[in-house]
Amino acid sequence: MNIFLRELRANVKSLLIWSVIVALFVVVGFSKFSAYEGNPELLAILDDLPAAMVEAMNLRAFNLTTITGFYGVMITYFALILSIAAAMWGSDIITKEERDRTVEFALTLPVTRSQLITGKTLAAVVDSIALLLVTWGAVLANATAYQTDAQFYKFVSLSMLALFIMQLIFLAIGIFLGCAMTHYKRASSLAVSLLLGTYFLSIVSGLDKNLEFLKYFSPFKYFDAGVLLHESRLEMPYVWLSAGIILVAMVGAYVSYARRDLYI
Amino acid sequence: MSIIEVNHLSKYYGKAKARGIVDVSFNVEEGEIFGFIGPNGAGKSTTIRLFLSLIYPSSGEAKIFGKDCIQYGPEIRQDIGYLPSEVFYYEGMKVLDLLKYSASFYHKDCSKRLHELAELMELDLTRRIDDLSYGNKKKVGIVQGLLHQPKLIVLDEPTSGLDPLMQRKFFNLIREENERGATIFFSSHILGEVQKMCNRVAIIKEGSIINIQDIKTLQKDNYKKIRVAGNGLDEARFAVEGVNNLEREDGAISFFFKGDINMMMRLLSEQEVADVTIEEPTLEEIFMHYYE
């Protein structure tokens, strides 16, 4: 409990910075929407764009001239921002003990390494939830200026749930890398590289039917915004796949950290 | 009862199998102040890290309070106080918050002792860790290591960064803890410190224990480093039993001496000297000359 609270306090600054980034992004995004709103000529422009690009940016599933449609396109960017924050928090919260050379202090206290990971993980989860709520709040606040309906709110809620699962996936991967890698300096950059790599996989998998299998390797493809909007559900196989990834990463984190030599 | 039991403990680091310690065995009895001396890189910190289960042994085992260090690590550490040579704490925390954080892990109320120790070491509890000088951080380390009144105190080069006054306070504090019943494991490369404090010492060199001795025996065996300056010194007169490594420099001779110090004093008084120094050889010198 004391580890959890200390980590929360230590991470307040980082949470504030990410909150500002997300809030600014929402404000800028919605101000762009005011140009699209009720402007059907824009839809004609889409027809001129290369089909692959339209597909990659998921522009087809949505009617950009409505707030719901516009939000559907923004989800991808929320996913990127929130996942990057989660991956970095995950790896940092573990590796900073080595980086700041506090690891000997932390581990010579009468705690098990598992307790340390648990406290830190919980703190990072709470931070992720807080950032998600900031995102949610900013979206709802900015949307009040436009025509919204019940479908919009349902869509937003469901997409937040999807974003939360993605945060947990990348948080777990970050924690795993932080625990397992002896070169602690590389853990954070590897976590973010992995994240960006899977993002590009998600784009590539949409380009060609033969590459579609790649979507299993990219959490960005697990929760298609089109399905969220039109069918109002998460695809269960992907929920299970996500749970599996999180479980494997966390078990890997506990096991590898328990076996490592840790010293300054 | 043995507080620390080390049996054939070896540690090699990483894939390169870099030598940490090799086949180390010794016991530390309850209530002892046990010195652990050796030059830098000899394996002192490796041994301590193994006690604290920061690292895992390659072979052999270490037991503290009769329990395996790895298996019962967290339980054992309830009763261990550890002071590293260089302390690192979470920056951005206030000293008091950090000490309270540390205290919160022990199954007892440490707040009274915490304040006592802080007062004794003249530690300002309201300051932030990142604003502290090296010596002041060390004081935080001392309070943090002792606030739970541990049964075993592990010191790794504890005096670096402390001024002489604080060093004396610190040694008095350690002696008090010892009188209270705590066992002390005192690792250092400063022979004088260890000689003053300890009952027994183990000497470690290149990862292996080369000698475990009662401190009185060690002192009797000890060499003095003598340097005589003066014009027209008769070098040949010093070619007596007990003199080693005689070296002549410009207008001075220096050597190591082991034997009756009165005899040496008489020998010196025969000479017309400008200056005489008699000092303890550094540990490095002892290693260089007598353990080859």
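**Group meeting: the A–B complex**

Let's start at Val143(B). Setting aside neighbours within four places in sequence, Val143(B) is in contact with Leu99(B), Leu114(B), Leu117(B), Ala118(B), Met121(B) and Leu123(B). Contact means that C-beta atoms, placed from the backbone, lie within 7 Å.

A word on provenance. This is a predicted model: local features need pLDDT of at least 70, side-chain atom pairs count only at pLDDT 80 or more, and totals for chains, interfaces and linings use all residues. Residues are numbered from 1 along each chain as its sequence is written, while chains are lettered from A and ligands numbered from 1 in the order in which they are written.

Confidence next. Chain B has a mean pLDDT of 89, with 95% of its residues at 70 or more; pLDDT is the predictor's confidence in each residue, from 0 to 100. For the complex, ipTM is 0.87 and pTM is 0.86.

Now the core. Val143(B), Phe185(B) and Phe186(B) touch the most other members of the largest nonpolar core, which has 129 residues. Such a core is a set of buried Ala, Val, Leu, Ile, Met, Phe, Trp, Tyr and Cys residues joined through C-beta atoms within 7 Å. Buried means 20 or more other C-beta atoms within 10 Å of a residue's own. Helix α8 (residues 150-180) of chain A gives the most to this core: 16 residues. Helices are DSSP runs of H or I, at least four residues, numbered from the N terminus.

On to the domains. Chain B has domain 1 (2-219) and domain 2 (222-290), with bounds from an automatic or database assignment. Their centres, over C-alpha atoms, are 37 Å apart.

Note on methods
Buried ≥ 20, exposed ≤ 12 C-beta atoms within 10 Å, placed from the backbone. Helix = DSSP H or I, 4+ residues; strand = E, 2+ residues; numbered from the N terminus. Contact = placed C-beta atoms within 7 Å.
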